[in-house]
Amino acid sequence: MDYPGMLLHGAQQQGGKERADMDSRIVIRHAEEKDLETVIKIDAAVSIDLYGTVVDKVAYWQGIFDYFVRRIKEKRYFLVAELDREVVGFIVGEARAWEFGSPLCGWVFAVEVYPGTRTMGIGQQMFREICQRLRKTGVSTVRTMVDIDNKVTLSFYRSQGMRTGRNIEMEMQI
Amino acid sequence: MKLNKASLFALIAVLELASDPTKQVSTNEIAEKYGISTHHLAKVMRNLVYHGLAQAARGVGGGYTFSGNIKRTTLLDVIQKFENLESVIEMPKLAVEGPIVIELKNVIHEIDNLTRVVLDTITLETALKSAMQQSLSKSVTPGT
């Protein structure tokens, strides 16, 4: 989000040139088969950073790649971010209708940035890009769900303009 | 959620100062802009200085400047300098702590938890961006 300097002034605002230099080092593209291993590594690094532990999710990511990368990709987006030609982040989402009774909208299932490259605007660029692509499919709302203790990701989505939505996630032990 | 006046004034003052950290803003200016008590706000400003969120500017004009971290400080951080967030429902001490009371406490905890998460994930920067967006869409000056 770019705003005039009326609010967020001076030193608090990232310099235009500095920002542009950083942006020129970041490339957002569709994920390819070769990215699977890196995606799993980034997910593991994020998991350690947030929760101090790693769960084996190889099968999960293979399934996600199968659905979002290998099959027809219409309205499905698995984007990766390259910083200086190295994949350091990814975002996954799609446009779906009637999920949980909701008319056509965009769902973002995951956004992760390698912890060492946070606060460089990578997540923001990926989020902007996926929103642009979702908008082209006729979507005007984007939704997501985040663990209540995941302050990093919740704060990120809020910084992009997201607010608590109309759907309330509910659960119980069975 | 019950938010006391001092917390609300502190949020207003911190956001006003953080919107332009290079600018010195006086207590009177903020009080006049929002129609709030100068006396009450002055106390709040001293507290903000004590907690490192504002700096008293010396010299001509005086006033305050922002001295916190706009990207890291959340709304909850500011509020907690002034109060412990009270529960949305005040639970009196009851003679019996049976299943009904426990269930009511669980409901209150659920609401409180959501309130806390919302306030703890909005940084000053995010709040200001959002305020700016609203002012652009309504074409009014932020804070009015």
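This is a predicted model: local features need pLDDT of at least 70, side-chain atom pairs count only at pLDDT 80 or more; totals for chains, interfaces and linings use all residues.

Residues are numbered from 1 along each chain as its sequence is written, chains are lettered from A and ligands numbered from 1 in the order in which they are written, and side-chain values use heavy atoms, leaving out hydrogens and water.

**Exercise 1. Find out how many residues of strand β2 (residues 76–83) of chain A are buried, and which strands pair with β2(A).**

Step 1. Strands here are DSSP runs of E with at least two residues, and helices are runs of H or I with at least four, numbered from the N terminus.

Step 2. Buried means under 20% relative accessible area, exposed over 50% and partly exposed in between, using a 1.4 Å probe and protein chains only. Eight of the eight residues of β2(A) are buried, so the strand is largely enclosed by the rest of the structure.

Step 3. In a regular strand the side chains alternate between the two faces of the sheet. On one side of β2(A) you find A:Arg76, A:Phe78, A:Val80 and A:Glu82, and on the other A:Tyr77, A:Leu79, A:Ala81 and A:Leu83.

Step 4. Two strands pair if DSSP finds at least two bridges between them. β2(A) pairs antiparallel with β1 (residues 26–30) of chain A over five bridges, and eight bridges join β2(A) to the antiparallel β3 (residues 86–96) of chain A. Look at A:Val80: its bridge partners are A:Arg29 and, in β3(A), A:Phe90.

**Exercise 2. Work out what the buried residues of helix α5 (residues 151–159) of chain A pack against.**

Step 1. Seven of the nine residues of α5(A) are buried, so this helix is largely enclosed by the rest of the structure. Among them are A:Leu154, A:Phe156 and A:Tyr157.

Step 2. These buried residues pack against β4 (105–113) and α4 (122–136) of chain A, together with α5 (99–120) and α6 (124–138) of chain B.

**Exercise 3. Say which residues of helix α2 (residues 27–34) of chain B and helix α3 (residues 38–50) of chain B make their contact.**

Step 1. Contact means heavy atoms within 4.5 Å.

Step 2. From α2(B) come B:Thr27, B:Asn28, B:Ile30 and B:Ala31, and from α3(B) come B:Thr38, B:Leu41, B:Ala42 and B:Met45.

Conventions. Axes are lines fitted to C-alpha atoms, for helices over the stretch in contact, and angles run from 0 to 180 degrees between N-to-C directions.
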